[in-house]
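Hello,

Here is the structure I promised to pass along. My notes on it follow below.

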Amino acid sequence: MDTNALGDDVHNINVLTVIASESYDSFAKGLQTELAEAVTDRPLAVTADLFAGKIIKDNSGNEQVIDRNTAQAIYFDMVVNGYVDRKGTLTDKYYEDKKNNRIKIAEEAADCAVSVIAIVDSVYDSRLMQPENARKSSVQLHVDSDKLAMPQFKELWKKINGKSVYIVDFDTDELIEKSIRSLNSRLRVSKIFFKIESGQMNEIKSKEELLNGISFKKESSTAYGSENKISASRSVKYDLIGKLVEEMGLTRKTIISIMTGINKVVFDQFKDNSEEFIIKAASLINDEKATAIIEHITYDMLDDKYTTDVFTEPTIKGKPGVNAMKAKRHLYDYIVYDSDNEHKFADELDKNENVSVYVKLPNGFYISTPVGHYNPDWAIAFKEGSVKHIYFVAETKGSMETMQLRDIEKAKIHCAHEHFKAVSSDSVVYDVVDNYDTLLKLVTK
């Protein structure tokens with residue numbers, strides 16, 4: 001499973017347990033060495049040279065090449081913000097801010113933040129591949145049986161444990177029309193080219209020069225691209241329609257209508273770079289599909305319900321002080337959080353006297369949507385009389401002011417709204433919040 005299907009939960013699902021016949025330190029060191037050798041083509045440090053010459057895109061899809069001055073500005077800004085140390089190594093602050101959607105990018109490239117971050121993430125960091133030492137201090141979460149038996153939790157669970165089925169009755173012709181319009185205006189596929197560079201290395205002054213690629217002096221460079229009629233190999237056959245059907249779950253008839261409806265100059269990009277054409281076209285059509293879902297989906301409650309086994313069956317582990325905290329009002333004895341924002345939110349919930357019981361919902365509790373499973377973050381029961389809305393299901397995100405949700409995320413959140421309307425008849429409030437104060441405003445309205 002990859003991040004396209006699982007998002008941030010990818011590392012919780014893709015877990016490989018290795019029982020090594022050597023010490024952890026020896027095993028980890030050997031693994032890091034092997035990984036470093038396997039990714040020798042990846043940069044090892046963040047420098048201005050990392051950005052220079054790279055192509056980035058702004059929020060509207062417009063492309064630009066990073067010049068030397070802009071590259072220097074991006075690098076300097078990363079140093080100032082504490083994202084890069086003297087050796088060009090990415091810091092813990094970078095990963096923490098990235099996880100919490102708080103990365104700051106130099107003003108010169110702020111509207112191309114996604115592309116800049118993608119360049120930064122190409123740097124190899126052995127810490128991200130560090131195997132977990134199972135013998136280190138970690139905790140396994142246990143359900144508090146007293147809280148599971150609380151009347152407040154039982155009532156909360158009774159209101160949210162219903163399963164549902166969705167029906168999407170949107171106009172296919174409207175989806176086709178909007179998809180054609182989106183592809184014509186936004187689908188831009190890069191052409192395949194190759195570049196030959198030649199030069200020489202007269203002396204090696206230091207290991208750092210070798211790592212940074214400056215010992216080798218480039219003398220000439222020649223690029224071969226579309227003017228030389230380079231295209232994807234004619235011997236490779238791509239099932240364009242089949243692949244798009246697989247990616248989006250639409251019928252072949254619908255996909256054919258979209259592909260035959262776009263401008264010839266747009267479709268001809270398929271010959272330039274077939275794989276990129278399929279990936280980008282699928283993404284754009286999926287965005288339109290997500291929008292159509294938001295406008296035309298309805299949910300109906302099923303007789304089937306979740307049982308409390310979703311809390312007791314999975315094994316959930318965390319490291320205190322790293323991604324786990326002791327809890328008083330939580331259904332489990334600990335909370336495993338995914339970000340600094342979740343940590344703060346959980347801490348506020350745990351301390352507030354108006355909260356009877358709450359739980360960070362496990363992955364086994366999810367809502368089916370046309371764009372994948374959706375797992376809400378929190379279920380909360382407030383003390384009766386303390387707030388207007390006693391039962392609340394929350395999704396925590398970063399700052400509400402800067403939050404830019406992808407269309408698919410918006411679709412999942414909208415589906416959750418419709419699901420809870422169907423299973424709880426407005427007795428449960430569901431919404432997206434960025435902190436506990438926002439939550440209080442919603443439950444006291």
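M201 lies in the loop that links β5 (194-200) to α11 (207-211). Together with I204 and F216, M201 makes a nonpolar surface patch of about 300 Å². Patch members have over 30% relative accessible area and no salt bridge, and nonpolar side chains (Val, Leu, Ile, Met, Phe, Trp, Tyr) are joined within 5 Å; a salt bridge is a Lys or Arg side-chain nitrogen within 4 Å of an Asp or Glu carboxyl oxygen. Areas are Shrake-Rupley values with a 1.4 Å probe.

Before you go further: this is a predicted model, where local features need pLDDT of at least 70, side-chain atom pairs need 80 or more, and totals for chains, interfaces and linings use all residues. Residues are numbered from 1 along each chain as its sequence is written, and side-chain values use heavy atoms, leaving out hydrogens and water.

**Helix α6**

In α6 (residues 92-99), Y94, Y95 and D97 are buried. They line one face of the helix, because they fall within an arc of 165 degrees seen down its axis (directions run from the axis to the C-beta atoms). Their packing partners are α5 (68-80) and α7 (113-120). After α6 comes N101, with a positive phi near 60 degrees.

**Whole chain**

The chain has 20 helices and 14 strands (DSSP runs: H or I of at least four residues, E of at least two, numbered from the N terminus). Of its 445 residues, 39% are buried.

Best wishes

How values were computed: Patches are made of residues with over 30% relative accessible area and no salt bridge: like charges are joined within 9 Å, nonpolar side chains (Val, Leu, Ile, Met, Phe, Trp, Tyr) within 5 Å. Buried means under 20% relative accessible area, exposed over 50%, partly exposed in between (1.4 Å probe, protein chains only). Contact means heavy atoms within 4.5 Å.
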